[in-house]
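Please read them alongside the sequence and the model.

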Amino acid sequence: MPRKIIIDTDPGQDDAVAILLALGSPQELEVLGIVAVAGNVRVAQNAHNALQILEVAGRTDVPVYVGSERPMRHPLVTAEYVHGSTGLDGPTLPAPVTPLQTQHGVDYIIDTLNAHAAGEITLCCLGPLTNIAMAMVKAPAIVSRIREIVLMGGGCFEGGNITPAAEFNIYVDPEAADVVFRSGVPITQIPLDVSHAMLTTKARVQRFRDIGNRSGVVTAEMLDFFERFDVNKYGWDGGPLHDPCVIAWLLKPDLFKGRQCNVAIETGSELTRGMTVVDYWGVTGRVHNVNYLRSGDSDGFYELLVERISRLP
Ligand code: BDR
Ligand code: CA
């Protein structure tokens, strides 16, 4: 039986590749729905981008919901400077023909968790955690029904990418992250410590193009655009491919290494707002709330991506 997942996302080229990876893995994963959140760009554009990716993958049967328009407390910070004005710059994609769902994304999360057996649904979070926290605040009874939250966000050993201390997804809505990290739901966190090793080198991007299918070509075109900013910023051989690590961990956890530890979110300090404070060495004695991944096998990760994207149209 495939694992049932909801993908909460702000696509985003790397989010889009994560969605393709999930859709290319129907034996392991059943994508119940996609919920957009404000993050890389505004929520309406993120939802539009999700529809476009579903059309590339030939999976217009997957419903897309519009979630929260802004973070819980702070004004929205977006990242057009990384992802382009559409959030999904790179390929030329036709306007989607499938409509968005009319139900709010937060209510969809609540209703779907309530409609399934407790422990059946995994939440895959690829953007700021606003929708998940809002659902937990609106309907606290859902917390115990979530099987697991697997999220891309935060960092420790690699520092931050939007401030010296904070990673983008957590920085945009630290109050939401705080709610989620304190919830007691089992969390697997894929931080920058992992994604910074998953570089989109020229040879890897070419492998997607060489698959020859529509999804492979679109992936290559997205990654060509996506890496520009990070290659300039870090001087590496490619950009870090963050969000697909969430799906890759569900498919092949052996590609990654980490440990259980305590992670707390900084919400007070102006200097370090949105920092994930990772007690990797167990110096606080605080309760373990996170399976914190620290490293991953990048060749194995790209093998998996190529294999699964090959299965799509
Ligand atoms: C995260 O921020 C976004 O820009 C990416 O899509 C990813 O989810 C990386 O910090
Ligand atoms: Ca994202």
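**Notes on the predicted model**

1. Gly39 has a relative accessible area of 0% and is therefore buried (buried means under 20% relative accessible area, exposed over 50%, and partly exposed in between, with a 1.4 Å probe and protein chains only). Gly39 is placed in the loop between strand S2 and helix H2 (43–56); helices (H or I, at least four residues) and strands (E, at least two) are DSSP runs, numbered from the N terminus. With neighbours within four places in sequence set aside, Gly39 is in contact with Asp10, Asn46, Leu76, Val77, Thr78, Ala79, Pro128 and Phe168, where contact means heavy atoms within 4.5 Å. Between Gly39 and Ile109 there are 70 residues in sequence and 18 Å in space, C-alpha to C-alpha.

2. On the basis of the work, this is a predicted model, in which local features need pLDDT of at least 70 and side-chain atom pairs count only at pLDDT 80 or more, while totals for chains, interfaces and linings use all residues. Residues are numbered from 1 along each chain as its sequence is written, chains are lettered from A and ligands numbered from 1 in the order in which they are written, and side-chain values use heavy atoms, with hydrogens and water left out.

3. Which residues coordinate the calcium ion (ligand 2)? The donors are Asp10 (OD), Asp15 (OD), Asp15 (OD), Leu126 (O) and Asp243 (OD), at 2.2 to 2.6 Å. Donors are N, O and S atoms within 2.8 Å of the metal (3.2 Å for Na, K and Ca); water is not among the atoms, so sites may look incomplete. The spacing of the donor residues in sequence is D-x4-D-x110-L-x116-D. Distant parts of the chain are linked by the pair of Asp15, in helix H1 (residues 13–23), and Leu126, in the loop between strand S4 (121–125) and helix H5 (130–138), 111 residues apart. Asp15 and Leu126 are both buried.

4. A cis peptide bond is found between Pro11 and Gly12, with omega about 5°. Gly12 belongs to the loop between S1 and H1.

5. H1 also packs with helix H11 (residues 244–251): their axes come within 7 Å and cross at roughly 25°. Axes are lines fitted to C-alpha atoms, for helices over the stretch in contact, and angles run from 0 to 180 degrees between N-to-C directions. H1 and H11 are therefore roughly parallel to each other; angles under 35 degrees count as roughly parallel, over 145 as roughly antiparallel, 65 to 115 as roughly perpendicular and the rest as oblique. Asp14, Val17, Ala18, Leu21 and Ala22 of H1 meet Pro244, Ile247, Ala248 and Leu251 of H11 in this contact. By class, the contact has 8 nonpolar, no polar and 1 charged residues (Ala, Val, Leu, Ile, Met, Phe, Trp, Tyr, Cys and Pro count as nonpolar, Asp, Glu, Lys and Arg as charged, and the others, Gly among them, as polar).

6. Helix H4 (residues 105–115) and H5 have axes that come within 9 Å and cross at roughly 60°. That angle makes H4 oblique to H5. The contact involves Val106, Asp107, Ile109 and Ile110 of H4, and Asn131, Ile132, Met134, Ala135 and Lys138 of H5. These divide into 6 nonpolar, 1 polar and 2 charged residues. Within H4, the buried residues include Val106, Ile109 and Ile110. Their cover includes strand S1 (3–9), strand S2 (29–36), strand S3 (64–66), S4, H5 and strand S5 (146–152).

7. Helix H9 (residues 202–211) and helix H12 (residues 298–309) pack at an angle of about 15°, with axes 10 Å apart. H9 and H12 are therefore roughly parallel to each other. The H9 side of the contact consists of Arg204, Arg207, Phe208 and Ile211, and the H12 side includes Tyr302, Glu303 and Leu305. The contact of H9 with H12 comprises 6 nonpolar, 1 polar and 4 charged residues.

8. Is Asp178 buried or exposed? At 17% relative accessibility, Asp178 counts as buried. Asp178 lies in helix H7 (residues 174–181), a helix that is mostly covered, with 7 of its 8 residues buried. Residues up to four places away in sequence not being counted, Asp178 touches Ile265 and Thr267.
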